Amino acid sequence: MELCVSYQYQIKKDNLTQLYQLANTDYQGTFNRIARDTILKVASDYTAPQYWTDRKSIAERMMKELNQQLNEVFAR
């Protein structure tokens with residue numbers, strides 16, 4: 001099965017110093033790695049038929065967990 005997803009992020013401007021200390025200027029690579037890993041982790045919890053019957057709830061869970069992970073690296 002192949003998933004095609006897109007996401008947008010917003011950097012928390014109050015945490016720019018912490019983000020720079022974490023990722024220097026490669027924050028986009030960090031965000032992309034987190035997004036890929038989080039989405040794959042959630043995706044592995046479902047069977048292929050569930051993507052037809054529960055698409056909305058799967059997408060909502062992916063978004064919720066991705067937001068939690070990005071929050072840890074000063075983004076949303």
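Predicted model: local features only at pLDDT ≥ 70, side-chain atom pairs only at ≥ 80, totals over all residues.

Student: How many helices and strands does the chain have?
Tutor: Four helices and zero strands. Helices (H or I, at least four residues) and strands (E, at least two) are DSSP runs, numbered from the N terminus. The C-alpha trace spans about 45 × 20 × 15 Å along its principal axes.

Student: How much of the chain counts as buried?
Tutor: Of its 76 residues, 29%. Buried means under 20% relative accessible area, exposed over 50%, and partly exposed in between (1.4 Å probe, protein chains only).

Student: Back to the largest pocket. How much space lies in it?
Tutor: About 440 Å³. A pocket is an open set of points on a 1 Å grid over the protein atoms alone, where a 1.4 Å probe fits, with protein on both sides within 12 Å along at least five of seven lines; lining residues have an atom within 4 Å of a point. The volume is the space filled by probe spheres set on the points, which are joined across faces, edges and corners.

Student: New topic. Which residues form the nonpolar patch on the surface?
Tutor: Met 1, Leu 3 and Val 5, with about 320 Å² of accessible area together. Patch residues have over 30% relative accessible area and no salt bridge; like charges are joined within 9 Å, nonpolar side chains (Val, Leu, Ile, Met, Phe, Trp, Tyr) within 5 Å. Areas come from the Shrake-Rupley method with a 1.4 Å probe, and for residues only the protein chains shown count as cover.

Student: Is Met 1 buried or exposed?
Tutor: Met 1 counts as exposed, at 69% relative accessibility. Met 1 lies in the segment before helix H1 (16–23). The C-alpha atoms of Met 1 and Thr 47 are separated by 9.8 Å, though the two are 46 residues apart along the chain. Thr 47 is in the loop between helix H2 (27–43) and H3.

Student: How many salt bridges does the structure hold?
Tutor: Three. A salt bridge is a side-chain nitrogen of Lys or Arg within 4 Å of a carboxyl oxygen of Asp or Glu. Arg 36 pairs with Asp 37, the closest N and O atoms being 3.5 Å apart.

Student: Which residues are linked in a network?
Tutor: Asp 45, Arg 61 and Glu 65. The Arg 61 and Asp 45 side chains meet at 2.7 Å, N to O. Arg 61 lies in helix H4 and Asp 45 in the loop between H2 and H3, so the pair ties together parts 16 residues apart in sequence. Arg 61 also meets Glu 65, at 2.8 Å, N to O.

Student: Is Glu 65 buried or exposed?
Tutor: Glu 65 is buried, with a relative accessible area of 18%.

How values were computed: Residues numbered from 1 in each chain as written. Heavy atoms only, no water.
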